[in-house]
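Dear colleague,

I am handing over the structure below, and after it you will find my notes on what was found. Please read them with the structure open beside you.

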Amino acid sequence: MAEGADVIALSLVDLAGAATLVLLAGVVSLLLRLGLGGQLVLGMVRATVQLFLLGFALRWIFAHVHWALTGGAALVMISLATRAALQRTSHALAGAFAGSFLTLVLTAGVFAILGSALFVGADPWYHPRYLLPLLGMLLGNGLTGISLCLDSLLVSFADDRERVELELALGATRWEASRDPLRRAVRRGIVPIVNAMMVAGVVSIPGMMTGQILSGTEPVEAVKYQLLILFLIAGATTLGSLGVAVFASMRALDEDHRLRPERLRRRAK
Amino acid sequence: MLAVRELDVRMGDRALLRGVSFELAPGEALTLRGKSGLGKSTLLRTIAGLHADPGDAVTLDGRSARAFGVPAWRRRVTYLAQAPVMLEGSVRENLARPFTYRSATGAAFDSARAEQWLAELDLPGVLDREAATLSGGEKQRVHLVRALLGGPAVLLADEPTASLDPEGRARLLDWLDTRRGEGLAVLFIRHDPRQGERALDLEALRG
């Protein structure tokens, strides 16, 4: 380990030491014939390559502070998050990308800007050192909630089609017919972040706070940042889930208040 | 008067039925005949605007579904699916649900009428039972009452007696005859049209 003024920098030897622990897990997997050794090694290699690439990319972006560069990186992150959120569901919904992307821009994107500009007080407000990590945290955590929400909604439309059509047949608009599935879906989407807030600091020390403390931040300051992140995630996930669910409902039920099952496709397992 | 003129029924690119035409006056009944898989249910769902937009090929008193507004059209021309799906909650909540929709335009759930109709169908005192606990035949009768309480002009009834025994079937059809006497028109899919009732054979219109 090499000690700096505040941050204790990790050397490559430190990382290699930590990696041997994963290799140890791989050996256990081999001995127990769990068949996970290959996946563990692949996961370790992928994480190493991906995170170093991210680190170098961020270092370059931080050195060239420009709104277009930050905006471009943010849009790429949101595109990838949208794609990941849509791919995690048990059903695919044709034409859902645009609405989901827009929702994430308006929730995670706007919340990250608010967090960076208003609460952290970054100068300029689009400074990538603040905006991009905040956005990454919001997308990474929001993604789980949004996927769960979307999955619940699409399963309702696909497997509970008769119930939705019953309400339409009785004179419900598409919003009235999708009210119950939508409510259930949003509730399901926000359960993880509500649980995370409930146990934060009691059962677990959140990952970001742990990282900050290890890198030298005073614990109470780390708590403040962690709370800021948690609140932003809760807000972005709830509004993001609702927004994505509304867009998905608009695709699954058309403007003639008709369910469009042909737009839904069950993914092969 | 429900008028269907030269209606084509399609499933994706495939035509199931071509040029379906008939008229149904208030109080009349018409039974659709044809082998299973022909598209009888899809025809009913198309008339209700649940499968596809029927356009100007289907009108009620000269007005199309679009002219009514689709939810308002479905309150006037109501599709009764074969499967009696119950919503969460009590029978009362199930029956009152359509009155919470915007298309109800202020009409209120008439609890006394619901109670009376259920009793006439041999289901007295079930309003406060959990709908999920009803038997198949009981659900089918609640399903029918739920579709009719909003006062549609036309009922598109897809095998409305499928879960009933012969006695229950006759009772339900007699009860529907009473509703027809009040002006309800019924378009049926069923295998046993009553004596003297009109029937339309769809086999010749196969696409």
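Strand β1 (residues 2-11) of chain B pairs with β4(B) in the antiparallel sense over 3 bridges, where strands are DSSP runs of E of at least two residues, helices are runs of H or I of at least four, both numbered from the N terminus, and two strands pair if DSSP finds at least two bridges between them. In this pairing, B:Val4 stands opposite B:Val58 in β4(B). This is a predicted model, in which local features need pLDDT of at least 70 and side-chain atom pairs count only at pLDDT 80 or more, while totals for chains, interfaces and linings use all residues. Residues are numbered from 1 along each chain as its sequence is written, and chains are lettered from A and ligands numbered from 1 in the order in which they are written.

The open sheet of 3 strands in chain B has the order β2-β1-β4, with antiparallel pairing, and its edge strands, β2 (14-24) and β4 (58-60), each pair on one side only.

Elsewhere in chain B, 4 bridges join strand β5 (residues 77-80) to strand β6 (residues 154-158), and the two run parallel, with B:Val77 opposite B:Val154.

Just after α1(A), A:Arg33 takes a positive phi of about 50°.
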